[in-house]
Amino acid sequence: MSDMCNVALLGQKFMGRAHSNAYLKAGRFFNLPKTPVRHTIVGLDLIALAPFADRWGWRNYSTNWKEVVKQSEIDLVDVSTPNCMHAEQALAALAAGKHVACEKPLAHTLKDARAMKNAAGRARRSKTFVWFNYRRCPAVALAHRLVQEGRLGRIYHVRAKYLQSWGKPETPLVWRFQKKYAGTGAHGDLNAHIIDMARFITGHEISEVTGAIAETFITERPLPAGAARDSISGGGRRKKNVSTGKSDVDDCVLFLARFKNGAVGTFEATRLATGNLNNNSIEINGEHGSIRFGFEDMNLLWFFDNNDDKATAGWRRIMCTSAGNHPYAGAWWPDAHIIGYEHTFVNMVADMMAVLAGEEPTVPLPNFADAYETQRVLEAAMLAAKHRAAVKLSEVK
Ligand SMILES: NC(=O)c1ccc[n+]([C@@H]2O[C@H](COP(=O)([O-])OP(=O)(O)OC[C@H]3O[C@@H](n4cnc5c(N)ncnc54)[C@H](O)[C@@H]3O)[C@@H](O)[C@H]2O)c1
């Protein structure tokens with residue numbers, strides 16, 4: 001088995017940068033059993049590709065993903081394109097015998113996600129991964145471990161929200177606001193992350209969505225132009241007399257859920273929570289304790305231990321940077337020399353390389369089958385909102 005892993009990365013913008021950085025840095029900070037090689041970067045914009053390849057150290061660049069995924073030297077295809085492309089590209093890569101890492105949500109429709117899960121199941125020599133990178137915040141990985149160790153006991157409540165505010169009226173009609181490219185709006189973008197996080201930390205599956213609201217507040221958006229074309233932060237103030245197009249995805253989705261173990265949960269994702277920039281947070285209450293995590297203070301895990309002496313009990317603020325005690329911390333800096341967003345991707349590359357070398361990841365990695373369970377919950381919530389009714393997960397295949 002080669003100790004090199006030649007990567008073809010499809011997509012060269014936001015996630016293209018995050019993943020390029022991760023492949024670049026993983027071997028610098030972790031002792032990897034396999035080294036990712038930045039073999040080929042693929043995108044649509046030929047003019048931007050050469051400088052991108054040069055900046056991030058990709059050996060080759062191409063606008064032809066169909067040809068690249070079949071190349072014999074490629075070991076891992078990383079699908080970081082808009083959601084509507086995931087299935088076609090991942091299926092082609094699996095058919096060519098490659099390992100596949102795919103961005104979330106798994107696909108823009110449940111049907112595509114199912115095809116991906118089934119193809120991954122058949123491709124026995126290929127490993128699949130899905131970039132639910134927030135699992136790889138040390139604090140989230142620690143929360144997962146505390147629950148596994150029984151420190152929370154029986155889980156009663158999951159309270160998850162992912163609040164952003166960039167979807168204001170002047171933000172142009174980028175692919176994220178169009179169903180044909182994205183599938184859904186804030187839902188697949190943000191609820192996907194917190195559904196995965198809830199499933200990952202608690203180890204419990206959702207059995208029913210008991211009610212949901214999906215709302216589109218901004219139905220017309222300016223057509224993108226120039227630099228704003230691909231931007232998620234918008235093009236400044238809305239100008240008069242600009243052409244507009246229809247946004248046909250949700251701006252927010254809220255839903256209530258029951259878990260198989262009897263726990264109950266609330267989930268909220270929005271792009272219009274003014275004042276919240278990337279407020280991805282979760283609180284979980286159990287019989288023996290609770291945990292609380294918020295991404296904007298991602299180095300911290302808050303833990304309440306019900307067994308503490310009442311006189312001194314309280315929420316513990318745990319700085320998750322202690323090597324040997326906190327997941328991933330040993331690869332980075334001395335205590336309290338904090339890490340950030342990009343490190344979650346680097347941690348994920350380190351775990352993917354471990355799995356490809358036959359070793360265990362630090363904490364479980366989601367594969368296509370796992371991400372399909374999250375996709376089923378996304379689907380159940382949209383059905384619940386549409387029909388104003390409860391939807392059992394057993395009804396969503
Ligand atoms: N894990 C996370 O935290 C996170 C954050 C943002 C986005 N995402 C996900 O990553 C994916 C990409 O999002 P993004 O923000 O990087 O989008 P983006 O618009 O910034 O970049 C998309 C890239 O895909 C390329 N592309 C589009 N169609 C293509 C095709 N047919 N062949 C080859 N390349 C093609 C574009 O040229 C561009 O480089 C989405 O699925 C999104 O949901 C995940």
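**Figure 1. Domain 1 and domain 2 in one chain.** The centres of domain 1 and domain 2, taken over C-alpha atoms, are separated by 24 Å. Domain 1 covers residues 4–133 and domain 2 covers 140–340 + 367–387, with bounds that come from an automatic or database domain assignment. The model is predicted: local features need pLDDT of at least 70, side-chain atom pairs count only at pLDDT 80 or more, and totals for chains, interfaces and linings use all residues. Residues are numbered from 1 along each chain as its sequence is written.

**Figure 2. The contact between domain 1 and domain 2.** Domain 1 supplies 23 residues to the contact and domain 2 supplies 21 residues; two residues are in contact if their C-beta atoms, placed from the backbone, lie within 7 Å. On the side of domain 1 that touches domain 2, α5 and β6 (128–130) are the elements that give two or more residues. Helix α5 contributes the largest share of that side, 7 residues. The side of domain 1 that touches domain 2 has 14 nonpolar, 5 polar and 4 charged residues. Here Ala, Val, Leu, Ile, Met, Phe, Trp, Tyr, Cys and Pro count as nonpolar, Asp, Glu, Lys and Arg as charged, and the others, Gly among them, as polar.

**Figure 3. The largest nonpolar core, with 112 residues.** A nonpolar core is a set of buried Ala, Val, Leu, Ile, Met, Phe, Trp, Tyr and Cys residues joined through C-beta atoms within 7 Å. A residue is buried if 20 or more other C-beta atoms, placed from the backbone, lie within 10 Å of its own, exposed if 12 or fewer, and partly exposed in between. The members that touch the most others are Ala139, Ala143, Ile194, Val253, Leu301, Val349 and Ala381. Helix α10 (residues 368–387) gives the largest share of this core, 10 residues. Domain 1 and domain 2 each provide at least three residues. Leaving out residues up to four places away in sequence, Leu301 touches Ala139, Leu142, Ala143, Ile291, Phe293, Ile318 and Cys320. Another core, of 5 residues, lies apart from it and includes Leu173, Phe177, Ala182 and Val249.

**Figure 4. Helix α4 (residues 86–95) and its buried residues.** Helices (H or I, at least four residues) and strands (E, at least two) are DSSP runs, numbered from the N terminus. In α4, the buried residues are His86, Ala87, Gln89, Ala90, Ala93 and Leu94. They pack against β1 (4–10), α3 (65–68), β4 (76–79), β5 (99–102) and α5 (110–122). Gly97 follows α4 and has a positive phi, near 85 degrees.

**Figure 5. The shell around the ligand.** By class, the shell holds 9 nonpolar, 8 polar and 6 charged residues.

**Figure 6. Glu283 in strand β13 (residues 279–286).** Glu283 is partly exposed, with 17 other C-beta atoms within 10 Å. Its contacts, not counting residues up to four places away in sequence, are Arg159, Ser290 and Arg292. Glu283 and Tyr372 are 89 residues apart in sequence, and their C-alpha atoms are 24 Å apart in space.

Key
A residue is near a molecule or strand if its C-beta atom, placed from the backbone, lies within 6 Å of it.
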